[in-house]
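Welcome! Please take a moment with the sequence and the model below, and then we can walk through a few of its side chains together.

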Amino acid sequence: MGDLTRVTIDFKTSHLIFPGLVAAILGALALAIVIRERHAIAGAAGYWSGILAQMDRLRFFGTVVLTVLYFSLMVPVGNLWPNTGMGFLLCSVPYVLLTGLLFLHERGLRHVLPVIVTAAVAPTVVWGRFTYPFFLPLP
């Protein structure tokens, strides 16, 4: 009877419960949408071919590549300076800069300067806010 009031937590795997639960719920909801809307989904081939013909491939694939590189490099760069958040800071500045430049239509100094300032200031402010007042170092 004493075991009913005892709680043990396996800290090595306890953080995986919530993401797994959310993924399972989202998967079930996606399956329900696909089953319910199967006729609309099957008839959407013409719509998607038009969208794909009109899309800006450079910006789309450039964003995908930059995002994959950003998340892939953040932890290895952060491991060079553990528990300081430098991985976040040193990867976020070029990511914000390159993504901003990718989406600019005009690349004159008047348009590029705000992107450069934002790329330098925004990640630094976020890094500083998490690191110093909250003592939560980013990766």
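## Charged pairs and a buried serine

Asp-56 counts as partly exposed because its relative accessibility is 36%. Keep in mind as you look around that this is a predicted model.

Which residue forms a salt bridge with Asp-56? The partner is Arg-59, and the closest N and O atoms of this pair are 2.7 Å apart. In general, side chains of opposite charge can pair when their charged atoms come close.

Let us stay with Arg-59 for a while. You will find Arg-59 in helix H4, which spans residues 57-80. Is Arg-59 buried or exposed? With a relative accessibility of 17%, Arg-59 counts as buried, because the cut-off for buried is under 20%.

The side chain of Arg-59 also meets backbone atoms. A polar atom of this side chain lies 2.9 Å from the backbone oxygen of Leu-102, and the backbone oxygen of Leu-104 is 3.2 Å from a polar atom of the Arg-59 side chain. If residues up to four places away in sequence are not counted, Arg-59 touches Leu-102, Phe-103, Leu-104 and His-105.

How many salt bridges does a search of the whole structure find? The search finds two. Besides the pair of Asp-56 and Arg-59, there is a salt bridge between Glu-37 and Arg-36, with the closest N and O atoms 3.8 Å apart. Here is how the two pairs look side by side:

| Asp-56 | Arg-59 | 2.7 Å |

Glu-37 has a relative accessibility of 32%, so Glu-37 counts as partly exposed. Arg-36 counts as exposed because its relative accessibility is 68%.

Our last stop is Ser-92, a residue of helix H5, which runs over residues 86-103. Why is Ser-92 called buried? Its relative accessible area is 3%, and buried means under 20%. Which side chain makes a polar contact with the side chain of Ser-92? That side chain belongs to Tyr-70, at 2.7 Å. Setting aside neighbours within four places in sequence, Ser-92 is in contact with Tyr-70 and Pro-123.

Methods:
Residues numbered from 1 in each chain as written. Predicted model: local features only at pLDDT ≥ 70, side-chain atom pairs only at ≥ 80, totals over all residues. Heavy atoms only, no water. Helix = DSSP H or I, 4+ residues; strand = E, 2+ residues; numbered from the N terminus. Buried < 20%, exposed > 50% of the residue type's maximum accessible area, 1.4 Å probe, protein only. Polar contact = N/O pair within 3.5 Å; in protein donor to acceptor, adjacent residues only side chain to side chain. Contact = heavy atoms within 4.5 Å. Salt bridge = Lys/Arg side-chain N within 4 Å of Asp/Glu carboxyl O.
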